[in-house]
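Have it open while you read, and tell me where you disagree.

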Amino acid sequence: MAARPFQLYVLCIFIYGHKFSLGWYDRRGVIISYDYDIDDDLDILINAVLQLTTHMTTYQLGHDRSARLLEGHSYYQVEYPSFLVSMDADGDTCLWKTEGPPIWSSLSLLGRGTATWRAVSVGNKKEGVIVLKTLWRSQTRQSESNIYGHIKSPLPGVAEFSLGDDVHIPSAACRSLILNDDVGVPDDPVLHRLALKTVGRPLWDAETTRDFILGSLAAIKGHQGLVEQGILHRDMSPGNIFLGGPGCAEGWEGFVADLEFASVAQPETETIVPLHLLPPSTGQLNARGVFCEETVPSGSKAPGAEITGTALFMARELLDLMVISDKSKKVRPAQIKRGVHHDLESFILVLFYAVIRRGLDRRLWDQNEVTGYRIKSLYRTLFGGHTIPKIAEARASFLGYNRCIFSVLLTPRWRYCFMVVGTF
């Protein structure tokens, strides 16, 4: 499914010894049939192979009807194929053509299956290149498009939203109807698609220190603007913070994107909690900016109270709580109040990651074998964990590293940047 991001589900045959079974994989989960015996049930095996290889269409095999291969393109050509993508299987007035491979495609089998593409609008050449994003969302959460709708006007430092909606999938492609499978699952995930006008590049692609600092500053100001409008991002990670394009306007040198996990938040009191300090008579003073989780308007979907975000860049407090809750089974992650300080801690980690990633990509430390080894070791330790306990353990040991490595890692201007955000 990672190799074919527009695949709704995958059908499989498993053969082990003289037994075989059939499997259905999608973003809701996995279903495996009972074991069949090759000798006793050979007709079933032959029929399944014939159906999968000869008789079934690409759409019956799980391809999304709202994303058609461009005429003359195939999955087996040298260049990555292009797709014509719409909001429903019947086609509509919004039609985009993807260009090149995905910018990002999730490697996980279960979960949101997020994929982003560079695309152009068909029939509206003035719109230029956009970012097209497809993901599976829970029906219990607000859609990302709805969260973007809470932004009052185009906000410098925040990806500009064009349009988005849930994709209409024909009932013939729904697992609940095909397999009559509703056991233990409250709802089917919903396929969601949106287009963003702002196209950027990763922080570590910065050509100069100036570009990096201006881009990072613009992105953090964009985050501040979101908070002042009552939106807490909750997933500050390298895949959600970008540099602006060449010749971008002032304030757009960098930006944050991906509000999928954002919380439309309100302060615990009736007064607004700003990021900057105000006189006591003006508002409720709270330097940590604590936000309630369940704060969306009555009748709308809650953004969710669970701990969300990219674990490798999650704030230490949240990681520790997840470890404790996993061990004790008594502490619920939702008991913690997500705050601006959690996002800022994640932002600092992203900056540090981008600095090391940029240096490794450009082989800046290859001439010094010892320094290069230590930096690569730090990089693997801090950003190579695959479980929450391992990530938390690596984070705890982070400040135990000898600070001389930072003197080698960062130029004076880089060190000044990290002094400003509080790393040193």
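Predicted model: local features only at pLDDT ≥ 70, side-chain atom pairs only at ≥ 80, totals over all residues.

**Notes on the model**

1. Residues are numbered from 1 along each chain as its sequence is written, and side-chain values use heavy atoms, with hydrogens and water left out.

2. Back to the largest pocket, which holds about 1200 Å³ of space. A pocket here is an open set of points on a 1 Å grid over the protein atoms alone, where a 1.4 Å probe fits, with protein on both sides within 12 Å along at least five of seven lines; lining residues have an atom within 4 Å of a point. The volume is the space filled by probe spheres set on the points, which are joined across faces, edges and corners.

3. Which residues lie nearest the centre of the largest pocket? They are Trp104, Ser237, Gly239, Asn240 and Asp258, out of 40 lining residues. Strand 9 (115-121), strand 10 (129-137), strand 13 (201-202) and helix 7 each supply at least two residues of that lining. Helices (H or I, at least four residues) and strands (E, at least two) are DSSP runs, numbered from the N terminus, and the chain has 10 helices and 17 strands.

4. Most residues other than glycine have a negative phi. Arg234, however, has a positive phi near 75°, and that of Arg363 is also positive, near 55°. Arg234 is in the loop between strand 14 (231-232) and strand 15 (241-243), while Arg363 is in the loop between helix 6 (340-361) and helix 7 (369-383).

5. Are these arginines buried or exposed? Arg234 counts as buried because its relative accessibility is 2%, whereas Arg363, at 62%, counts as exposed. The cut-offs are under 20% relative accessible area for buried and over 50% for exposed, with partly exposed in between (1.4 Å probe, protein chains only). Of the 424 residues in the chain, 44% are buried.

6. Finally, cysteines. The structure holds 0 disulfides (pairs of cysteine sulfur atoms within 2.5 Å). Cys94 is partly exposed at 24% relative accessibility, and so is Cys248, at 30%.
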